[in-house]
Each structure stands twice: as C-alpha cells, then as structure tokens.
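Biologist: I have a model open and I'd like to learn how to read it. Could you walk me through it?

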Amino acid sequence: MGKEQILEDAIGYVRALYEGNSDGHGLDHTMRVYHLAMKIADSEPGCDRRITALAALLHDADDPKLFSTEDNRNARSFLAEQGVSPEETERICAVINSVSFSKNGGRRLEDINAMIVQDADRLDAIGAIGIARTFAFGGKHGRGLDSSVQHFYDKLLRLKDMMNTEMAREMAEKRHRLMIEFLKEWDAETETAG
Ligand code: ADP
Ligand code: NI
C-alpha cells in the first residue's frame, strides 16, 4: 500500500517551496527528518503518527532563514487546502513551533510528537550528514572552513545530550563518535609543523 495521500501531497508541497535551495535545508533535509521521525515513532507507541509525520514534513516550511512568513502561513495554507481540521492544524503547528530553539526558547517539551520531530531534526545536524551540512552552510554564508569547524564546538557536540527519546539517544551516540573522530583528524591534518 502506498503512503497516505496527504503525506505524498505534503512532500510535493515542500518540494515546490524549497526549489533551488542548496544550503542543506532543502527537500533532502526534510525527507531525512521525516524518515528519522517515523523510525523514532516506531518505538514511541504514545505518539500520533499522522501528527508527527505532517509536522516533520512541514517543520521548515516557515523557517525564517528561508521564508518571511508569519504564524506558520505556508504550513497552514497546505493544511487548509487539505481540509485538515482546525484542531489538528493547531496541534501540528504547535509541534513545528516547539521544534525550533528560537521559537521555543529551549524549553523542555511535553508533547511526544514534538520530542520526536525535534530529535529527528537534531539527528540530521550531526554525524556524516551533519558534517556535510555544516560546510555547505558555511560555504553558502561565506564562512571559511575554520569558522565552520567552530560550529561543532559551539553547537553540534552538545546535541547528543539533548535528545528526548531513547531511540534518538542511541542513534546520536554513533553520529557523535564520528564527529569526534573527524575533529581529531582535522586537528592532526591542520596542525602546523613544529
Ligand atoms: P535546522 O533549522 O534544520 O534545525 P539550522 O537552520 O540551525 O538547522 O542549520 C542548518 C544547518 O546549517 C545545520 O546543519 C547546522 O548545523 C548548520 N549551521 C547552522 N549554523 C551554522 C554556522 N554558524 N556554521 C556552520 N554551520 C551552521
Ligand atoms: Ni530542520
């Protein structure tokens, strides 16, 4: 059986939104976050898979770095077009808004669906993908390699201890170790002689 139609439509909607974006924030990031969220959801029986899935797919649809929309306008416009109830729309937008540190102010989450999407988004910032995204972001914003490396110490190395769910904590361990290994090699290769 295929994916629920609304999820297929959500993918098409965000694909159109992100057309042409290449700083690691495009459809590929959203699809990884969606698949990670579904994997985590498998081990969290208390979650609502439809809310989690839609929130994951729409989580960056109103990211202020890409869009100047207010009050989740892109996400809401898709959900309205799909006839999603106002109650469910509010739940999905609440999840989306609590995932981002800037909107949530770093508060601890209570909604399991939000915990899952936040973990998925954070997992995609670490590990091999995280390394690649960091340099893609740095390149796009005119930062040198050294300044991108600093981002690991400022943020990425902290993420493994900030996971909400057990499954994400386990996955983060492996990704974290790879970053540590990478930074060790980086230091060795960039060390000046003598
Ligand atoms: P998201 O909104 O998906 O949680 P961000 O917008 O914070 O992620 O960042 C997008 C990507 O760019 C991430 O991989 C992040 O680690 C990276 N990034 C963010 N800020 C910096 C920075 N100052 N230097 C290098 N990479 C960065
Ligand atoms: Ni994201």
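Predicted model: local features only at pLDDT ≥ 70, side-chain atom pairs only at ≥ 80, totals over all residues.

Biologist: Which residues are the protein donors of the nickel ion (ligand 2)?

Modeller: Donors are N, O and S atoms within 2.8 Å of the metal (3.2 Å for Na, K and Ca); water is not among the atoms, so sites may look incomplete. Here they are H29 (NE2), H59 (NE2), D60 (OD) and D121 (OD), lying 2.1 to 2.4 Å from the nickel ion. Along the chain their spacing reads H-x29-H-D-x60-D. H29 sits in helix α2 (residues 27-42) and D121 in helix α7, so this pair ties together parts 92 residues apart in sequence. Helices here are DSSP runs (H or I, at least four residues), numbered from the N terminus.

Biologist: What joins the side chains of H29 and D124?

Modeller: A polar contact, meaning a pair of N or O atoms within 3.5 Å; within protein, one must be able to donate a hydrogen and the other to accept it, and residues adjacent in sequence count only if both atoms are side-chain atoms. For H29 and D124 the distance is 2.6 Å, and H29 also has one of 3.0 Å to the side chain of D121.

Biologist: Is D124 buried or exposed?

Modeller: Buried means under 20% relative accessible area, exposed over 50%, partly exposed in between (1.4 Å probe, protein chains only). D124, at 1%, counts as buried. D124 belongs to the loop between α7 (112-123) and α8 (127-140). Beyond four places in sequence, its contacts (heavy atoms within 4.5 Å) include R32, R133 and R175.

Biologist: How many residues of helix α3 are buried?

Modeller: Eight of the ten in α3 (residues 49-58), with α1 (5-18), α2 and α7 among the elements covering them.

Biologist: And at what angle do α8 and helix α10 pack?

Modeller: About 50 degrees, with axes 7 Å apart, for α8 and α10 (residues 166-190). Axes are lines fitted to C-alpha atoms, for helices over the stretch in contact, and angles run from 0 to 180 degrees between N-to-C directions. Under 35 degrees is roughly parallel, over 145 roughly antiparallel, 65 to 115 roughly perpendicular and the rest oblique, so α8 and α10 are oblique to each other. Residues making the contact include F135 of α8 and W186 of α10.

Key
Residues numbered from 1 in each chain as written. Chains lettered and ligands numbered in written order. Heavy atoms only, no water. Helix = DSSP H or I, 4+ residues; strand = E, 2+ residues; numbered from the N terminus.
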